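Welcome! Here is a short briefing on a few side-chain contacts and a piece of the surface, meant for a first look.

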Amino acid sequence: MIQKFITTAVLFFILMILLIGKVSAQEVNPGKPAVTNIAGVEYPRILDNLSVVFKIKAPDAKKVQIDLGKLYDMTKDDQGFWTVTTAPQVPGFHYYSLVIDGVKVVDPASETFYGMGRMASAIDIPEKGAGFYEVKDVPHGALSSQYYFSKVTNSWRRLFVYTPAGYDVNAKVKYPVVYIQHGGGEDERGWAVQGKTDIILDNLIAEGKAKPMIVVISNGNVTTGKGGGGYSNAAMAAFKEEMTKNIVPFIDKTYRTLADVNHRALCGLSMGGGQAFYVGLGSLDCFSSVGVFSSGIFGGIANPNGKVFDADKEIPGLLSNSKSFNQKLKLFYVSVGEQDPRFEFTKKEVKKFQDSGLRVQFASFPGDHEWQVWRKSLHDFASRVFK
C-alpha cells in the first residue's frame, strides 16, 4: 500500500513538473515564430494581437533598437539578451532593421530580401482569412530564372518566368502573358519572392478564377548612359525599348505564347505602375491590358519633374479621345492602398478618367504602400485580365 502511494506521488510530481515546464515554455516563447525567420529560429515571434517580440543577443552593445515603422528601444538582461514587444502590426510584409549603437544592420534571425535599395530583414504579419497567397494542395506551376541579352544595356539581364501547371504536359497549348514590374529600390526578385506571384496564380487558376497564363517578372531598372531615372522621359524611353524590343520578343521566342496584342498585359507597382502607365498606354500595338498599382504619378509623392500630372499631356488623347483608347484597351485597371498617401490623388484621377468616358476598373485595399496591397492587386488584376 505504501509502495503504491509512493509510486502515485512520484507520478503526480513528474506530471506537475511537465505541466509547469509547459506553462514556462509558453511564457518564455509566446506567440509563433514569423514565417520570414531563418529555419528553426524562435525570434521574432508574432503574438495573437499581432504585436512582435524581438530577442537579440548582443552582450557588448550599449544600445539596441528595432526599426519597424518606428524605433523601439530594447531592454537588456543579465545574460546579454535584448528584448522588446512592439505595438500591434498591420498585416502584411514589412521591412525592418536592427539598430545597434546607431548602426542599422540586418537581423541574423531573419531571411533577407532586396527592397529599399538594399538587402533588408523583413517580417510577414499574417492576415486572417487572406489565404490566397498561401501554398495549398492544388496543381503547381513553375517559377524559373532566365537570362537574356539586352541590346539596350549591352549586358546580360535576368528575369523570372511563371508557367502554369500543365505547361510541360501539352506542348500544343499556347498562353497569354502578363508582364509585371517591381517598384523603386527593388528588382526582379520582388514579385518572385515578396510578391508570391507563383502561389497567387496557382491558387487562382486552380479555383477557376483566372485563365492559365504566363507571368514575366523583369528588372525595370534600365540605364543606358543617357541619364535619367524613375519617371523621367529618358528612363521611360529606355524601359519601353527594353520591354518591347528585347523582353517581349525573347519571351515569344522562348515560350509558347499567344503572341499578339490581345493576349499581352503590362502591370506593376509604384515605379512599375508608372512604367505600366506610360509604356503600356503608349504601346497599345503591343499590350491590350494595363494595370497600375499604387503609382505616385497621380500625386501623393514629390513629382520628380516638378509639374502637376496632366493625363492628356502625358498620354496624348487619353482623355480627349478616350473612345479610341477604349477600342484598343481590353482592361485598364488602377488600384491603391487606402492608407497610402497616394489614395486620394489616385481616386481623383480615376474620376477624371471616368468622367472623360475612359473605361477604367478601380480597386482599393486596406493598407499603406506595401506588399499586402500589391499581392491583393495582382490577385484582383489576374482574375480580371484576358476575360
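Aspartate 380 is buried in this predicted model, because its relative accessible area of 16% falls under the 20% cut-off. Its salt-bridge partner is arginine 384, with the closest N and O atoms 2.9 Å apart. Arginine 384 counts as partly exposed, at 28% relative accessibility.

**Within helix 9**
- Aspartate 380 and arginine 384 are four residues apart in helix 9, so about one helical turn separates them.

**Other salt bridges**
- The structure holds 13 salt bridges, and one of them joins the side chains of lysine 376 and glutamate 127 at 2.9 Å, N to O.
- This pair links distant parts of the chain, 249 residues apart: lysine 376 belongs to helix 9 (residues 371-384), while glutamate 127 lies in the loop between strand 11 (118-125) and strand 12.
- Lysine 376 counts as buried at 12% relative accessibility, whereas glutamate 127 is partly exposed, with a relative accessible area of 23%.
- Arginine 189 and aspartate 187 also meet through their side chains in a salt bridge, at 2.7 Å from N to O.
- Aspartate 187 is buried, having a relative accessible area of 8%, whereas arginine 189 is partly exposed at 30%.

**A nonpolar patch on the surface**
- Tyr147, Phe149 and Trp156 make up a nonpolar surface patch, and together they have about 390 Å² of accessible area.
- Phenylalanine 149 sits in strand 12, which covers residues 142-150.
- With 36% relative accessibility, phenylalanine 149 counts as partly exposed.

Notes. Residues numbered from 1 in each chain as written. Predicted model: local features only at pLDDT ≥ 70, side-chain atom pairs only at ≥ 80, totals over all residues. Heavy atoms only, no water. Patch = residues over 30% accessible without salt bridge, like charges linked within 9 Å, V, L, I, M, F, W, Y side chains within 5 Å. Areas by Shrake-Rupley, 256 points an atom, 1.4 Å probe, with all protein chains shown as cover. Salt bridge = Lys/Arg side-chain N within 4 Å of Asp/Glu carboxyl O. Helix = DSSP H or I, 4+ residues; strand = E, 2+ residues; numbered from the N terminus. Buried < 20%, exposed > 50% of the residue type's maximum accessible area, 1.4 Å probe, protein only.
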